[in-house]
Amino acid sequence: MFPDDIQTLARQVIEAAAARGLMIATAESCTGGLVSGALTAIAGSSAIVERGFVTYSNAAKTELLGVPADLIEGHGAVSEPVARAMAGGAVARSKAQVSVSVTGVAGPGGGTADKPVGLVHFGAVGPAGAIHAEHRFGDIGREEVRLASVRVALGLLLDRVSA
């Protein structure tokens with residue numbers, strides 16, 4: 001189902017988290033659960049993946065993850081502060097110690113001059129703290145933006161479970 005490189009990354013995340021006794025939660029918007037899907041495609045993931053939040057709407061980000069509505073209004077859903085709040089909310093509202101969040105503009109429409117198609121913000125939280133990443137994949141197609149985002153999200157999870 002997923003390309004080989006994504007399966008390999010997901011397996012590395014599951015193995016690293018298992019070795020450290022860490023549970024994972026995901027908070028996804030533009031990827032719509034693909035990060036959780038990649039993780040749960042790996043045998044043994046049920047001991048590691050605690051839950052996944054698909055918070056496509058702004059209301060869901062607020063209701064499920066506790067992202068303040070004024071933060072979304074002030075910065076937009078596709079922003080560093082919201083990505084960080086989503087990742088923090090995923091840990092706070094689960095039994096996981098590690099999380100990753102993804103919020104972006106997958107396209108083909110929806111982009112603006114400030115937030116073009118292909119802009120994706122990521123947050124990740126783990127025992128070593130919180131990090132943020134911003135990627136501008138460009139208008140490479142909806143599915144390609146989403147798959148590229150899964151690769152980055154899994155890489156950030158690997159960083160947080162290994163740090």
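**Group meeting: a walk through the predicted model**

Helix H1 covers residues 4-20, and its 17 residues at 1.5 Å a residue should span 24 Å; the end C-alpha atoms lie 25 Å apart, which agrees.

What covers them? After H1 comes Gly-21, with a positive phi near 65°. As background, most residues other than glycine have a negative phi.

Next, the sheet. In what order do the strands of the open sheet lie? There are 5 strands, in the order S2-S1-S3-S4-S5, and the pairing is mixed. S2 and S5 are the edge strands, each pairing on one side only. On average, neighbouring strands of this sheet are turned by 10° against each other, direction ignored.

On this sheet packs helix H5, residues 80-92, which touches S1, S2, S3, S4 and S5. The direction of H5 makes about 145° with that of S3.

Now two of the strand pairs. S3 and S4 run antiparallel and are joined by 6 bridges. Thr-103 stands opposite His-121 in S4. Strand S4 (residues 119-126) also pairs with strand S5 (residues 129-136), in the antiparallel sense, over 8 bridges. Leu-119 has Arg-136 in S5 as its bridge partner. S4 and S5 form a hairpin, with 2 residues between them.

Between S3 and S4 there is a loop, and Pro-108 is found in it. The peptide bond joining Gly-107 and Pro-108 is cis, with omega about 5°. For context, most peptide bonds are trans.

Another loop, between H2 and S2, holds Ser-45. Is Ser-45 buried or exposed? Ser-45 is buried, because its relative accessible area is 6% and buried means under 20%. Leaving aside neighbours within four places in sequence, Ser-45 is in contact with Ile-14, Leu-39 and Thr-40.

Not counting residues up to four places away in sequence, Phe-122 touches Ala-83, Ser-101, Val-102, Ile-131, His-132, Ala-133, His-135, Phe-137, Ser-149, Val-152, Ala-153 and Leu-156.

Last, the charged pairs. How many salt bridges does a search of the whole structure find? The search finds 6, and I will go through some of them.

One is between Arg-146 and Glu-143, with the closest N and O atoms 3.5 Å apart. Where do these two sit relative to each other? Both are in helix H6 (residues 142-162), and because they are 3 residues apart there, about one helical turn separates them. In general, an α-helix has 3.6 residues a turn, so residues three or four places apart point the same way. Arg-146 is buried, with a relative accessible area of 15%, whereas Glu-143 is partly exposed at 43%.

Another joins the side chains of Arg-160 and Asp-159, at 2.7 Å from N to O. Here Arg-160 counts as buried, at 8% relative accessibility, while Asp-159 is partly exposed, at 35%.

One more is formed by the side chains of Glu-50 and Arg-51, with N and O 2.5 Å apart. In this pair Glu-50 is partly exposed, with a relative accessible area of 21%, and Arg-51 is partly exposed too, at 32%.

That is the tour.

Definitions and conventions
Residues numbered from 1 in each chain as written. Predicted model: local features only at pLDDT ≥ 70, side-chain atom pairs only at ≥ 80, totals over all residues. Heavy atoms only, no water. Salt bridge = Lys/Arg side-chain N within 4 Å of Asp/Glu carboxyl O. Buried < 20%, exposed > 50% of the residue type's maximum accessible area, 1.4 Å probe, protein only. Helix = DSSP H or I, 4+ residues; strand = E, 2+ residues; numbered from the N terminus. Pairing = 2+ DSSP bridges. Expected span 1.5 Å × (residues − 1). Contact = heavy atoms within 4.5 Å. Axes fitted to C-alpha atoms, helices over the stretch in contact; angles between N-to-C directions.
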